Amino acid sequence: MGFPFKKAEASTTTTSEITPEPVEKSTPNSSNEKVDVATAIADLDKIQHAHQWDPNLPKEKLDAVKAALEHGDAKEIAEADLLFTEDSPYEEVRAAVRNTDGGEVACTVRAWILGMIFVTLGSGLNMLLSMRSPAVNFPALVVVLLVYPIGCLWAQVMPMRKFNTFGLEWTLNTGPFTIKEHVVVTLMSNVSISYAYSTDALLALQGTPFYNINLGWGFALIFTLSSQLIGVALSGMFRRFLIWPSAMLWPTQFAYTSLFYALHDKSKSDGTTSNGWTISRYRYFFIVMGGMFCYYWIPGVIWQGLSVFAFITWIKPDNVVVNQLFGGFSGLSLIPITFDWTYVTAYLSDPLVSPTQTHVNTLIGLFLFVIITTIGITYSGALYADYLPMVTSQTYDNTQSAYAVSKILGDSFTLDVEKYRNYSPLFLSPTLALNYGLSFAALTASLVHVGLFHGKEIWYRLKTARNQEPDIHLRLMKKYVEAPEWWYLSLLAISLGLGFATVEGYDSQLPWWGFIISVLLAFVFVTPTCMILAISNITLSLNVISPFIAGFIFPGRPIGVMVFKVFSTIVLGQAQTYVFSRIANTTQSSDLKMAHYMKIPPRVTFWCQVVASIWAVFVQIAVMNWTLGAIPDVCSSTQASHFTCPNGRAFFSSSIVWGVLGPERMFGPGSMYANFNWFWLIGAVFPVVIWFLGRKLKIGFARHLHAPIMFGAMAWLPPATPLSFSTWALFGLLFNYYIRNKWNGWWRTYNYVTSAALDAGLILSTIVIFFAITLPGVTIPQWWGNVDVFNTVDALSTSWLKTVPENGTFGPATWT
């Protein structure tokens with residue numbers, strides 16, 4: 001495979017390793033000083049251009065670079081250069097990642113065996129559980145915690161005898177379980193432990209209550225392999241833009257890196273740099289994790305009303321306006337209170353790892369584009385919003401009932417126009433309609449924003465490859481042989497070939513040129529969306545726009561729309577996991593950055609991710625097909641064990657809406673929601689306004705305004721509610737602004753460990769509650785805090801201003 005198992009791997013021959021001489025060590029008038037000053041000036045010039053619009057870099061550091069270049073003083077130049085070359089210029093990175101490489105062994109038989117075991121168990125179990133409602137999953141964080149004691153036990157009991165096979169020396173036990181082995185196992189789990197996105201489409205296709213079409217194992221395997229691996233290949237090809245630059249932070253990895261260091265380094269702090277706290281991060285992690293594990297039983301079981309603490313709606317449970325404004329289920333939650341960490345972290349991941357500018361821009365976007373706009377739409381009666389709840393992802397018919405797509409279908413899942421005219425148009429809640437509009441705006445904003453603020457930077461990185469501005473972590477990684485471009489190009493060619501075989505070799509309803517469009521759509525957005533994700537920790541996805549586009553291109557082909565959506569959405573999604581995992585909240589480019597931070601040799605990273613991804617596909621397809629064949633009435637809404645295939649059902653309904661009903665009837669000229677197409681233009685113009693404020697008018701705060709975050713952070717709303725978004729931002733500001741400024745030493749030492757501990761305790765508690773209470777159907781305490789708090793029009797999603805009379809309807813008299 002091209003990777004060694006010997007310990008020598010840790011010190012692979014260096015390639016273009018940089019070992020600069022500090023400028024101040026040179027003597028005056030020496031030739032060395034001229035060379036060093038010239039090098040430092042070149043470094044600072046690169047830094048100034050690369051970080052000019054970097055919202056995460058403190059302005060004083062940019063000012064120091066600018067002043068050093070203007071003054072030309074050798075000492076000042078040296079000091080400015082050291083700010084960027086000896087450690088990361090970002091405090092977040094310095095707090096979570098060490099600027100050293102211990103040279104530990106990474107690629108071992110032990111790491112591969114443990115990695116493949118956890119990939120098999122995790123991917124198979126998550127695939128099975130994803131078909132049940134309610135579902136529970138085992139994210140990669142669980143693997144991080146479980147593999148550590150197993151790896152340490154392995155080191156204690158397994159023999160250290162060395163073997164020689166075909167000239168390759170290997171052993172089952174290289175000694176103590178190293179931090180790099182731990183990272184390798186995690187990398188394998190991250191890219192494979194969440195069920196493949198294509199399985200949602202396959203369940204919609206094969207499920208008896210849905211299309212009930214089985215194209216065979218071959219189709220399922222090559223469809224899933226191609227959709228997973230194209231994005232993996234793209235992530236590697238875009239490393240120069242997304243991984244190597246120091247500005248690409250990938251904040252979600254800070255909790256992981258801090259946890260690795262906490263588990264493998266149990267030393268105490270001396271208190272001088274942590275505001276007097278001396279407890280080791282190892283001990284602190286387990287205390288906080290245990291506390292969260294115990295605490296979650298309160299909002300999770302004992303008093304579920306704490307999750308959405310909308311106390312005003314409890315006082316006025318039937319007052320529609322009160323419930324619309326202050327409710328947390330289908331209302332705007334203008335007084336956002338929750339005591340449930342799952343509500344805080346459910347959609348935008350952990351707020352403790354996201355930058356402050358992300359929290360601020362999310363609040364701005366939530367207030368301007370969701371709360372104010374939704375109030376305006378609802379109380380003006382526009383779009384018949386006075387007949388609908390404010391916040392819900394449910395679609396409605398003209399009787400205020402859930403839209404039944406079965407009532408408009410003819411033979412072979414085609415649209416029966418007469419049935420449609422006799423039934424109802426499809427109505428969207430104000431926030432769901434805005435969700436589409438803001439998704440349009442987010443994508444155009446991402447293209448324009450990256451072009452304006454990072455265009456020159458992208459061109460510079462395209463030319464320089466690894467010879468970029470100085471960064472300590474890139475410099476340390478240069479001693480390892482890089483995974484060559486042709487490896488990723490070959491993987492891309494193979495996976496594209498599998499994709500063509502998928503659409504041409506089977507009745508997929510997607511022509512070959514449609515497959516090309518789906519991949520090109522993802523390709524166009526790889527760089528802008530991944531750069532935004534790396535800087536802000538906000539994911540921009542194609543899951544809304546891809547079926548919208550496919551519905552215009554392939555009207556009347558619901559399966560083709562579904563396949564198009566899978567390829568475009570998950571190609572970008574995998575590029576973001578390698579850059580994005582829906583379950584683990586990590587991504588492939590993100591995982592590549594984890595390997596970069598933890599100094600894992602690039603070739604080891606390539607193989608462990610690719611092999612794990614391929615193996616997980618076979619495991620998941622096998623589990624899915626076994627479940628479909630072995631469990632009676634699987635995917636039925638009345639299935640006895642609740643294996644109702646909720647994701648497959650959602651995919652099926654989406655494909656009917658966009659493939660049969662079609663976007664033309666929803667957003668085309670003259671349609672009810674046609675005006676939401678203006679969001680395409682709004683998204684393109686807004687970054688220009690921000691650019692003008694910052695670049696031309698020199699308004700300082702404009703540097704921190706970020707249009708793609710304002711629009712894109714709203715992508716989950718609904719099914720998310722404003723409660724999750726506002727509390728997420730408030731908790732983030734509490735830790736990453738207030739505590740960071742007031743107790744900076746504590747923040748640098750414990751903030752990211754706190755993040756990992758809270759998430760770990762919550763995950764473990766959720767899993768135990770699922771298997772102890774939810775799965776066996778144990779009745780939770782039946783008292784006011786678990787019953788009456790949900791008897792509000794907000795919780796029942798019936799908080800509409802107008803009620804349709806019996807046997808009456810609302811909306812237009814005719815529709816086409």
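User: Happy to be here! What makes a helix crossing right-handed, and which hand does the crossing of H5 and H7 have?

Analyst: A crossing is right-handed if the near helix is turned clockwise from the far one by less than a right angle, and left-handed if anticlockwise. In this predicted model, helix H5 covers residues 109–130 and helix H7 covers residues 179–190. Their crossing is right-handed.

User: Are H5 and H7 roughly parallel or roughly antiparallel?

Analyst: Their axes are 9 Å apart and the helices pack at an angle of about 30°. Angles under 35 degrees count as roughly parallel, so H5 and H7 are roughly parallel.

User: How many nonpolar residues does the contact of H5 with H7 have?

Analyst: Good one to check on the structure! On the H5 side, the residues include Trp112, Leu114 and Phe118, and they meet H7 residues, among them Val184 and Met188. By class, the contact has 2 charged, 2 polar and 9 nonpolar residues.

User: Which residue has its backbone oxygen 3.0 Å from a polar side-chain atom of Ser568?

Analyst: The side chain of Ser568 has a polar atom at that distance from a backbone oxygen. That oxygen belongs to Phe564.

User: Where is Phe166, and is it buried or exposed?

Analyst: Phe166 lies in the loop between strand S1 (162–165) and strand S2 (168–171). Phe166 has a positive phi of about 50° although it is not a glycine. With 86% relative accessibility, Phe166 counts as exposed.

Conventions. Residues numbered from 1 in each chain as written. Predicted model: local features only at pLDDT ≥ 70, side-chain atom pairs only at ≥ 80, totals over all residues. Heavy atoms only, no water. Polar contact = N/O pair within 3.5 Å; in protein donor to acceptor, adjacent residues only side chain to side chain. Axes fitted to C-alpha atoms, helices over the stretch in contact; angles between N-to-C directions. Helix = DSSP H or I, 4+ residues; strand = E, 2+ residues; numbered from the N terminus. Parallel < 35°, antiparallel > 145°, perpendicular 65-115°, else oblique. Contact = heavy atoms within 4.5 Å. Nonpolar A, V, L, I, M, F, W, Y, C, P; charged D, E, K, R; others polar. Buried < 20%, exposed > 50% of the residue type's maximum accessible area, 1.4 Å probe, protein only.
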